[in-house]
Amino acid sequence: MTTPATFEVVDMHTGGEPVRILVAGAPPVVGKDILAKRRFAREQLDHVRRLLMFEPRGHADMYGAWLVEPTLDGADIAVLFMHNEGYSTMCGHAVIALGRYAVDRGIVAASGGTTRVGIECPCGLVVAQVEMRDGRSGAVTFDSVPAFATMLDAAIDVPGLGRVRYDLAYGGAFYALVVDRALGLDIRSAAVRDVVDRASAVTEAIKAAVPIVHPTQPDLGFLYGTIVTDGGDGRGTPSRNICVFAEREVDRSPTGSGVTARMAAASARGKAAPGDVHRFESLTGAVFTGAIVGSTWCADRPAVTVRVGGRAHYSGEARYRLEDGDTIGAGFLLR
């Protein structure tokens with residue numbers, strides 16, 4: 001296997017959560033559709049992920065977006081999402097960043113007050129709307145793939161925590177939604193390590209006991225992580241949540257696909273009326289908005305379309321390389 005000499009990236013962040021966009025230097029990703037490309041990258045090109053996500057160029061909580069050729073009608077760009085464990089199926093904070101990136105790089109021509117960007121994600125086509133002011137990109141919203149709740153008020157025995165109640169919902173990826181007090185926590189004051197430990201324990205317990213099945217795509221049928229919430233619904237004061245995903249990775253943003261899942265669960269409970277704007281806050285104080293904008297179906301399952309909004313910012317550009325003989329530089333993590 002030969003690693004290209006140089007990788008070119010653009011670094012952004014959304015609410016403090018990194019988005020390292022791989023724009024040049026990667027080998028071609030082969031596949032008839034985006035899920036096939038995701039499998040190919042995971043099985044044949046995972047050295048690229050390790051090089052850019054892991055130390056010494058990244059860290060355990062790094063996140064990346066690997067641009068590939070689109071295959072869907074309506075898609076302007078296509079993306080594989082990367083993190084410390086592998087490849088996600090959806091990432092809202094990255095979609096918000098990629099909307100700005102696509103307009104600013106001229107991949108999509110800016111038009112009027114709002115520019116549409118079609119983004120092909122492993123979960124399907126996500127449509128972003130990029131706000132334009134004085135010729136510059138700004139806030140971004142995106143309309144989700146069909147989102148739905150599969151379990152409400154389920155319970156699981158978690159070692160060290162006892163019986164824990166949770167909801168299971170899909171927003172492009174599957175999440176367990178748990179109120180902080182069910183874990184003996186207050187996420188506005190708890191140590192992050194305690195949140196990570198308890199959320200990860202919930203994730204592992206559900207993975208071991210609960211089959212996760214997507215109605216149309218087997219590759220989408222897995223639990224991505226657990227979102228610990230303050231129990232609010234975001235209709236007044238923003239509801240804080242902390243998403244712990246992949247291999248104990250902590251999202252600095254409010255989590256776009258997580259907001260989608262939370263809105264799907266709220267809709268299933270009758271606590272999210274179409275058009276009402278809910279707000280969700282992360283550890284950094286960043287706020288995403290969420291609103292139900294349509295009813296739809298995922299196969300034979302009733303679902304909703306959620307519009308999520310937030311802001312991304314540029315943090316730099318870089319060229320990375322791997323020197324011959326540098327086995328440590330190929331990527332490592334200390335946790």
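Select Arg188, Asp230, Arg240 and Glu281, which are linked in a network of salt bridges, a salt bridge being a side-chain nitrogen of Lys or Arg within 4 Å of a carboxyl oxygen of Asp or Glu. This is a predicted model, in which local features need pLDDT of at least 70 and side-chain atom pairs count only at pLDDT 80 or more, while totals for chains, interfaces and linings use all residues. Residues are numbered from 1 along each chain as its sequence is written, and side-chain values use heavy atoms, with hydrogens and water left out.

The structure holds 19 salt bridges. Next, select Glu317 and Arg105, whose closest N and O atoms are 3.2 Å apart in a salt bridge. Glu317 lies in strand S18 (residues 312-320) and Arg105 in the loop between H3 and strand S6 (114-121), so the pair ties together parts that are 212 residues apart in sequence; helices (H or I, at least four residues) and strands (E, at least two) are DSSP runs, numbered from the N terminus. Glu317 counts as exposed at 63% relative accessibility, whereas Arg105, at 41%, counts as partly exposed, where buried means under 20% relative accessible area, exposed over 50%, and partly exposed in between (1.4 Å probe, protein chains only).

Then move to Asp197 and Arg248, whose side chains meet in a salt bridge at 2.5 Å, N to O. This pair links distant parts of the chain, with Asp197 in helix H4 (residues 192-209) and Arg248 in the loop between S13 and strand S14 (249-250), 51 residues apart.
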